[in-house]
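Dear colleague,

I am passing on the structure we talked about, together with some notes on what turned up in it. Please have the sequence and the model open beside this message as you read.

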Amino acid sequence: MSTFPQNSLQPEVSSFFKTALGAQSISHAYLFVGAHSEARLEMAKDLAAALVESDRSLIDAGTHPDVRVYKPASAVGYLSEQITEIINDVQLSPSRAHRKVFIVQDAQSLTDKTANALLKTLEEPPEDVTFLLLAQSETTVLPTIVSRSQLIRFRHEDERELVSVLMQKMNDATEDQIISALHVASSPRAAQAFLRNPSERRAQAILLETIAELPKFSTWQLLQKAQEVLGALEANNTEKHAHANLQHDKGNNRRQDEAGCGAGCAESAQNAEQQATLDAARAAEQQAAIEKEFLSAKALKEIEKAQKRAQKAASSEALEQLLHAAELFFRDIVALEAGVAETILALPDTLETERRACINWDSAQALRGIEIVEAARNNVRHNVAARLAFEAMLCHMEDELCQK
């Protein structure tokens, strides 16, 4: 089995799985509880990568055919169709690895009906299948599920400890930037990814600057700003997809680099980015050819479905994170208006922008701004087109907050 990375924020859990992997003593089902939901998911993905002996990037991209990541498909919990899909998939042999892994997020959202449908599979899964169930607490999960899983408790993380750890890893980031990223992002890993991603940071900066200076923009300019924000996010998704393709087969990447060296040397620095994109596309084509040769048509279809789900999930996560930043921005305005110490703001790295926003917004307007942002988040969660949701949000702010 592949090596398991040490997690400095959850050392006990890391040590447990290192020992279990070394002894090849893996349970058929684990229930992760405690800490933040993203901390549990990060650990589950690390464990899945080790179990299928794969690069973690394939798990993140949703392109590994033997790792499935599920979350509730409706506001009321898991759908029967999702559980049926899991049960049927469990019966199929692994496509690439020697084991299949099913990550079930928000296990507390399994209803009596869906939990009972999954129960028999949890009791007697094939030997080459491992379930990783994630939940807030074992008390929120049906007892029948808890009793058939090995409980893994995560300790809650202290923000000061997180900042200290990330300061060591992110030498080029300030403490204020790290604190802000931790508040905006869903996990320490996501915070690191955000700080290293200029497209996401640019999208956030544009949105917050637009909110701060909203009264000076016309409706048409606000619509353009919405498009500018989404354009930065779309560029970000393209970059992530290209990176996943490049990581998909390292051997192919090395051959591509060697083959493209002569052309690359002739290219100017201005064309370097285009060349990298072309290389990523070529690597993806080569990988597709390999998969068509070695995988069945059904397996290919499952991989395509997983890729689509992963791309949609990545896009939704970026939108959610961006809107969360807008909400925190308005909350900081309320705090500044109330005279709260600047050292406890959620977004300390945007303090100057927040001060300018305080010139335009009072506490009541900022509170209404939070409601408008939350409405936009609900729209995105209910599959309203991102562009429409952002345009409507900025126009509602203009109508309701700006003094005419």
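Before the notes themselves, one convention is needed: angles under 35 degrees count as roughly parallel. Please also keep in mind that this is a predicted model.

The angle matters for a pair of helices, α10, which covers residues 198-212, and α16, which covers residues 351-360; the two pack at an angle of about 30°, and their axes lie 8 Å apart. Helices α10 and α16 are therefore roughly parallel to each other. On the α10 side the residues that take part are Leu208, Glu209 and Ala212, and they meet Thr353, Arg356, Ala357 and Asn360 of α16. Sorted by class, this contact of α10 with α16 is made up of three nonpolar, two polar and two charged residues.

Is Glu398 buried or exposed? Its relative accessibility is 8%, and because buried means under 20%, Glu398 counts as buried. The side chain of Glu398 is joined to that of Thr219 by a polar contact of 2.8 Å.

As for the protein in general, its secondary structure consists of 18 helices and five strands, and of its 404 residues 48% are buried. Among contacts with a separation of 6 or more, 74% are between residues 24 or more positions apart. The protein exposes about 20100 Å², of which carbon and sulfur atoms supply 51%.

Terms used:
Residues numbered from 1 in each chain as written. Predicted model: local features only at pLDDT ≥ 70, side-chain atom pairs only at ≥ 80, totals over all residues. Heavy atoms only, no water. Helix = DSSP H or I, 4+ residues; strand = E, 2+ residues; numbered from the N terminus. Buried < 20%, exposed > 50% of the residue type's maximum accessible area, 1.4 Å probe, protein only. Contact = heavy atoms within 4.5 Å. Areas by Shrake-Rupley, 256 points an atom, 1.4 Å probe, with all protein chains shown as cover. Axes fitted to C-alpha atoms, helices over the stretch in contact; angles between N-to-C directions. Parallel < 35°, antiparallel > 145°, perpendicular 65-115°, else oblique. Nonpolar A, V, L, I, M, F, W, Y, C, P; charged D, E, K, R; others polar. Polar contact = N/O pair within 3.5 Å; in protein donor to acceptor, adjacent residues only side chain to side chain.
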